[in-house]
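Here is a short tour for anyone who likes to see cut-offs next to the numbers. Have a look at the model first, and then we can walk through it together.

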Amino acid sequence: IGLVLMLRLVGALVFGWLSDRYGRKWPFIANNVLFIILELGTGFTQTYKQFLAVRALFGIAMGGLYGNAIATAIEDCPKDARGIVSGIVQQGYAFGYLLATVFARGLVNTTSHGWRPLFWFCACPPVIMIVWRFFLPETDAYIERKALRERTDSIEKTFLAEAKLSLYRYRS
């Protein structure tokens, strides 16, 4: 678990940059495809070193997905709802651990494959997320930011323009 959590930073930086630059949709979908590959791959590892390597890569995918998901969830939320929505998303992590425990109880050591069916099974839910996200448009906030970036033609100018806009909205 420690290795996975340490490498979340790498995923957050890489996929955060991709999400801010190219939109939330396609990095989210790519991230979930990576989840599927790594979950299946985990189930096929033969040594502890292979297991650690695949789980380390999983940490990168995990870090990349969280920021994208939270940005998508709260960018267009009313300001009064952002705290509760981000809290719900944050608790999804704990709920995922609970589900993993339940599924481990039902899948681990119930076949001749031992612990592997748990990881193979966990490759399925991201398929649902891919289909769901495929049909959702980009958030209005991202579309505004993209238009602002195209007008200013510079990340620094975009950042300053966004800061001024946020300050103006805060004062209003």
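Which residues make up the largest nonpolar core? The core consists of nine residues in all: V4, F28, F35, L38, V54, F58, A61, M62 and L65. A nonpolar core here is a set of buried Ala, Val, Leu, Ile, Met, Phe, Trp, Tyr and Cys residues joined through side-chain atoms within 4.5 Å. Helices α3 and α4 (48-74) each supply at least two residues of this core. The largest share, five residues, comes from α4.

Before going further, a word on the source. This is a predicted model, in which local features need pLDDT of at least 70 and side-chain atom pairs count only at pLDDT 80 or more, while totals for chains, interfaces and linings use all residues. Residues are numbered from 1 along each chain as its sequence is written, and side-chain values use heavy atoms, with hydrogens and water left out.

**The chain as a whole**

The protein chain has nine helices and zero strands, and reading along the sequence gives the pattern α-α-α-α-α-α-α-α-α. Helices (H or I, at least four residues) and strands (E, at least two) are DSSP runs, numbered from the N terminus. Along its principal axes, the C-alpha trace spans about 60 × 30 × 30 Å.

Of the 172 residues in the protein chain, 32% are buried. Buried means under 20% relative accessible area, exposed means over 50%, and partly exposed lies in between (1.4 Å probe, protein chains only). The accessible surface of the chain comes to about 11300 Å², and 71% of it belongs to carbon and sulfur atoms. Accessible areas come from the Shrake-Rupley method with a 1.4 Å probe, and for residues only the protein chains shown count as cover. Among contacts (heavy atoms within 4.5 Å) between residues at least 6 apart in sequence, 68% join residues at least 24 apart.

T42 lies in helix α3 (residues 25-43). Is T42 buried or exposed? T42 has a relative accessible area of 0%, so this residue counts as buried. Leaving aside residues up to four places away in sequence, T42 touches F51, V54, R55, W115, R116 and F119. With R55 there is also a polar contact between the two side chains, at 3.3 Å. Such a contact is a pair of N or O atoms within 3.5 Å; within protein, one must be able to donate a hydrogen and the other to accept it, and residues adjacent in sequence count only if both atoms are side-chain atoms.

V54, a member of the nonpolar core, touches L38, G41, T42 and T45, again not counting residues up to four places away in sequence.

**Salt bridges**

How many salt bridges does a search of the whole structure find? The search finds five, a salt bridge being a side-chain nitrogen of Lys or Arg within 4 Å of a carboxyl oxygen of Asp or Glu.

E75 is buried at 13% relative accessible area, and R145 is partly exposed at 22%. D20, R24, E75 and R145 are linked in a network of salt bridges. Within it, D20 is partly exposed at 38%, while R24 is buried at 4%. R133 is buried too, with a relative accessibility of 1%.

**Helix α5 and the surface**

F95 lies in helix α5 and is partly exposed, at 48% relative accessible area.

I88 also sits in helix α5, and its relative accessible area of 59% makes it exposed. The C-alpha atoms of I88 and A73, 15 residues apart along the chain, are separated by 10.0 Å.
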